[in-house]
Amino acid sequence: MAFENQEEIISAVYNDLKKPRFEVMTTELAMFFEDVDLTLEHLDEWVKPRSVAKPNMLVWGMDKIERVPQPYGVMLIIVPWNYPIQLSLVPLVGAIAAGNCVIIKPSEIGTHSEKLLAELIPKYLDQSAFAVVTGGVPEIQDLLSNQFDHILYTGSTAVGKIIMAAAAKHLTPVTLELGGKSPCIIDATADMYVAARRVAFGKLINSGQSCIAPDYVLIEKNAEQKFIDQYRKVVISMLGENPQQSDSYARIINTRHFDRIAKLMEKGETVFGGEMDRDDLYIAPTVVRNISLNDPVMQEEIFGPVLPILTFNKIDEALDIVNDREKPLALYVFSKQKKMVDYVRDNTSSGGFTANDTMTHAACNTLPFGGVGPSGIGGYHGKHSFEAFSHLKPCLKKYPGLEKLNDVRIAPYDKKKLSTVCWFLGYPTSLNSSHLYSKIIKFLGIGFFIAALAVLAKKYF
C-alpha cells in the first residue's frame, strides 16, 4: 500500500504541511517500512508462548507455566496531523501483528492526508477488520461512546485526558502518546557546533511541529552566546539566508496554530529570526532569550520553530527547572562528560532520553516510544508495539497426576497440613533465616523434580 502509493503520500503530506519530500520519506515512510521488515522477520517468534521461571520447583516442578500473546480485539487509533502517515501506519503494523481489528481516525486538520488514508486503507486491507473514520470532534465523540478493547491516542495532554476519561467508562486500556516541553540541557564542555546543528535538526524538522522537538534550551551561562552564534550559522547553512524560499522547510499547519505561536513570541529578546508571513503560514527559525519562566513561551508546548534559551551556572539549577515542571516526553543533554550525562539522566524523569542528539531515539524501533505521567502512558514501536497491543495471558497447565500430594491443600485443614504447606512454600521461620531457607527449599525442589522425572520415566518408558 505505502510503497505503491509513495508519490500520492508525499503529495498529500506536502499539501497539508509543505513538508519536504526528504522529510516525508525519512520521518513518515521509512519508519513504517522498517517496522514492517522487523515484524515480518520476528513475528513467528513473538507469537509463541513465553515460558516463565518456576519460582519453587517443589510446587511448580511438574507444571507448564507460560504467557500466551492474544489480541485485545478491536482497537481505535486516533492520529494527529503532524505526522499523519507515520502515526497511522506504524502502530497499525503492531496492531495487525498482534491480531487486532482496527479503526483509524486521522486528524481532520490534515485534509489531504486524511482523504488519502480513507481511500487507501479500505482498498488494501480487509474492510471487515479495518476501517477509517473521517470527520472532526463529533465523529471522535461518537467513536468514544463505543466500547473498544484498546485505544491509542497521539496528541495533546489536554485531549489525552478526555480520551482517558472516555475509555475509563468502559475500563478500556489506553496507550497515550502526548507531549510537553522537552528540555535540552547543554553544558560548557559540549561541542557548540555539533550541539547547535543537532538541536536545529530536531527543532526545525517539520517546522518544529514534533511532539519530541527540543522545546527550550538550558545552557551553561558562559556558553550561551557561542551556542547562539553557532545556531545562526547552522540555520543559514541548512535553509539559506531566507528560509522562506527554501524547499527544505515546512509550514505551520493552519492560521490558528500560526497565531498561537506568534503570540508566544511577544515576550523576550529575539536574537535571531522572528520573521513571519501569515498568508504563507511561515514562521522563521527563531531564537529568543532574556525570558522568564512565567512568560507565555515557557508555559505551553511551543510546537513551532521558536527556541527559547535560558541559562544556568550550576547543573542543579537546570535540573530544578526541569523537575519543577511536568514530566516531558523527551529530554536531551549535550556534554562531553559521561558523569554529567549520567547525572542528568538519573536525576530527571522523562518519556525518553537522548544524549548528544535530538529526536533520534524515536527512530530506533528496538526502543519503545512513549511518555511518563502527563507526557503519556505506555509505549510502542517494533516488538514493543506487538507487546503493547497484545494481552499476554498468564497460563498454567498443572500436571494431572500425583493427586495424593494435593491432600495438604484440601480441607479440612489441620496443623500438620499447614506445617507441610509452609515447608513446601519456604515460609520463613524468622526474618533472618527467610532468604536462606527459601533457597534451600527451592534447591530441594529441583532434586525432587529430577527424582519425580526419573520415577515417571521408569514407570512409563
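Which side chain does a polar contact of 2.7 Å join to D16? Some notes on that and on the charged residues follow.

1. Ground rules. This is a predicted model, where local features need pLDDT of at least 70, side-chain atom pairs count only at pLDDT 80 or more, and totals for chains, interfaces and linings use all residues. Residues are numbered from 1 along each chain as its sequence is written, and side-chain values use heavy atoms, with hydrogens and water left out.

2. D16. The answer to the opening question is S113, at 2.7 Å. H112 also has a polar contact with the D16 side chain, at 2.9 Å. (A polar contact is a pair of N or O atoms within 3.5 Å; within protein, one must be able to donate a hydrogen and the other to accept it, and residues adjacent in sequence count only if both atoms are side-chain atoms.) D16 sits in helix α1 (residues 6-17); helices here are DSSP runs of H or I with at least four residues, strands are E runs of at least two, and both are numbered from the N terminus. D16 is buried without a salt bridge, and K18, the nearest side chain of opposite charge, is 8.3 Å away. Buried means under 20% relative accessible area, exposed over 50%, and partly exposed in between (1.4 Å probe, protein chains only).

3. Salt bridges. The count comes to 19, taking a side-chain nitrogen of Lys or Arg within 4 Å of a carboxyl oxygen of Asp or Glu. E7 and R21 make one of them, with the closest N and O atoms 2.5 Å apart. That pair links distant parts of the chain, E7 in helix α1 and R21 in helix α2 (residues 21-46), 14 residues apart. E7 is partly exposed at 45%, and so is R21 at 42%.

4. K263 and E266. Their side chains meet at 4.0 Å, N to O, and both residues are exposed.

5. R289 and E269. Here the closest N and O atoms are 3.5 Å apart. R289 counts as buried at 17% relative accessibility, while E269 is partly exposed at 32%.

6. V90. This residue of helix α4 (residues 86-97) counts as buried because its relative accessibility is 2%. Its C-alpha atom is 8.9 Å from that of E28, 62 residues away along the chain.

Note on methods:
Lys and Arg count as positive and Asp and Glu as negative; His and the chain ends are not counted.
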